[in-house]
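Try each task first, then follow the solution step by step.

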Amino acid sequence: MTDAPKHPPLAFSGMQPTNTLHLGNYLGALKNWVPLQAKMACLFCVVDMHALTDDAGYRKPGDVTRSTYEVAAAYIAGGIDPKRSPIFNQSRVPQHAELAWILNCVARVGWLDRMTQFKEKSGKHTERSSVGLYTYPVLMAADILVYKATHVPVGDDQKQHLELARDIAQKFNNDYAVPGYFPLPEPVITGPATRVMSLRDGVKKMSKSDESDNSRINLTDDADAIAQKIRRAKTDPHPLPNNQNEFKGRPEAENLINIYAALSDDTAEKVMRQFAGQQFSTFKNTLAELAVSKLAPITAEMRRLMADRAEIDRILKSGAEKAQSLAEPILADVKKIVGLVG
Ligand code: AQP
């Protein structure tokens, strides 16, 4: 046995082009990616193959294409510098899918059976769900491990998938007697809004696929739509709480305070001290103003970028070339390790 190699820090993260990105994707992930670029090398992927896992009757091919450009535009508008951190779409780097197959043969059915997101997304129709939806976390593990990424900045909902990626990496290293070959990637879950909840139901995650557009703030919403959605957000009849203990049974209040804290780069405690005892109507007006002031520049830049798809395409293509140059030798190594010829 040789000593495990030390892996240089590298962050990888991605979002699915399943619909327009929302405030949860921004506060839980994208906003936290930006400062990471100064700390380590980063790769940011538009995981378009993951977007095929839901029902094709619901998802149209043109929607995946449009959304792929839009997610890339959101990355750039949100502060990712494509010259420093490659931005690319997953399907342009075939090594992700190739490694995913090998890792499918490492992961255990029992492990995937425990994935709560599959249970939530498949609902009562497990048997009619795509096999892709079931093995989605293995493709996600491949997305990360094909670069030997060490850090994965994500929202809280992805924690379980990250744990699975670590288990797969560990089992590969053990099974093939290559200690430390794959790093065990660390989730980076930061900020006061690691799980932004629906504006219509404080116990449900804000999600791109929620049927109600009023449940989320889209990064393409204009100022009026943002203000209206916040004013209509579900709350309770009590004034704003002044400490965390008073959040009990008040998920909507907790959600709005956390959103305010994340947008203003403050802690939830400080926001509570500022607004304690006030009515929600007053707080919502201030929150709406804050949200508009933070999101409007991103929305405007996304619109500008979306007007020139060719430019986004150049960025995705050049990002994919850089990503491939990193993934190719790792996949070649893996093939050798597992005994594939060629
Ligand atoms: N509500 C959320 N709060 C905080 N972070 C969130 N993320 C998603 N929703 C929230 C984070 O955003 C990143 C990209 O997510 P994704 O596109 O891979 O898909 P998802 O996690 O399944 O997000 P959605 O919006 O719910 O999409 P659909 O409806 O298509 O499944 C991840 O880092 C995620 O943690």
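**Exercise 1.** What volume does the second largest pocket have? Find its lining and sort the lining residues by element and class.

*Solution.* This is a predicted model, so local features need pLDDT of at least 70 and side-chain atom pairs count only at pLDDT 80 or more, while totals for chains, interfaces and linings use all residues. Residues are numbered from 1 along each chain as its sequence is written, and side-chain values use heavy atoms, with hydrogens and water left out.

Step 1: the second largest pocket has a volume of about 170 Å³. On a 1 Å grid over the protein atoms alone, a pocket is an open set of points with protein on both sides within 12 Å along at least five of seven lines, whereas a cavity is a set of points where a 1.4 Å probe fits but cannot get out; lining residues have an atom within 4 Å of a point. Points are joined across faces, edges and corners, and the volume is the space filled by probe spheres set on them.

Step 2: the lining includes M49, L52, W101, N104, Y136 and L139. Helices α3 (95-104) and α6 (131-145) each supply at least two of the lining residues, and α6 gives the largest share, five residues. Helices (H or I, at least four residues) and strands (E, at least two) are DSSP runs, numbered from the N terminus.

Step 3: by class, the lining has eight nonpolar, four polar and no charged residues. Here Ala, Val, Leu, Ile, Met, Phe, Trp, Tyr, Cys and Pro count as nonpolar, Asp, Glu, Lys and Arg as charged, and the others, Gly among them, as polar.

**Exercise 2.** Which residues line the largest cavity?

*Solution.* Step 1: a search of the whole structure finds one cavity of 30 Å³ or more. About 50 Å³ of space lies in the largest cavity.

Step 1: its lining is made of M115, Q117, F118, K121, L133, Y136, P137 and H161. The elements giving two or more of these residues are α5 (116-122) and α6.

Step 2: the lining counts five nonpolar, two polar and one charged residues.

Step 3: now look at Q158, in the loop between β4 and α7 (159-175). Leaving aside neighbours within four places in sequence, Q158 is in contact (heavy atoms within 4.5 Å) with Q117, Y136 and M140.

**Exercise 3.** At what angle do the axes of α2 and α12 cross?

*Solution.* Step 1: the axes of α2 (residues 61-78) and α12 (residues 309-338) come within 10 Å and cross at roughly 75°. The two helices are therefore roughly perpendicular to each other (65 to 115 degrees).

Step 1: the contact involves, among others, T65, Y69 and I76 of α2, and R309, D313 and L316 of α12. Its residues divide into seven nonpolar, two polar and three charged.

**Exercise 4.** K148 and D265 are to be compared: is each buried or exposed?

*Solution.* Step 1: K148 sits in the loop between α6 and β4 (151-153), and its phi is near 55°, a positive value in a residue other than glycine. D265 lies in the loop between α9 (251-264) and α10 (268-275), with a positive phi of about 55° although it is not a glycine.

Step 1: K148 is buried (under 20% relative accessible area), at 19%. D265 counts as exposed (over 50%), at 57%.

Technical notes. Axes fitted to C-alpha atoms, helices over the stretch in contact; angles between N-to-C directions. Parallel < 35°, antiparallel > 145°, perpendicular 65-115°, else oblique. Buried < 20%, exposed > 50% of the residue type's maximum accessible area, 1.4 Å probe, protein only.
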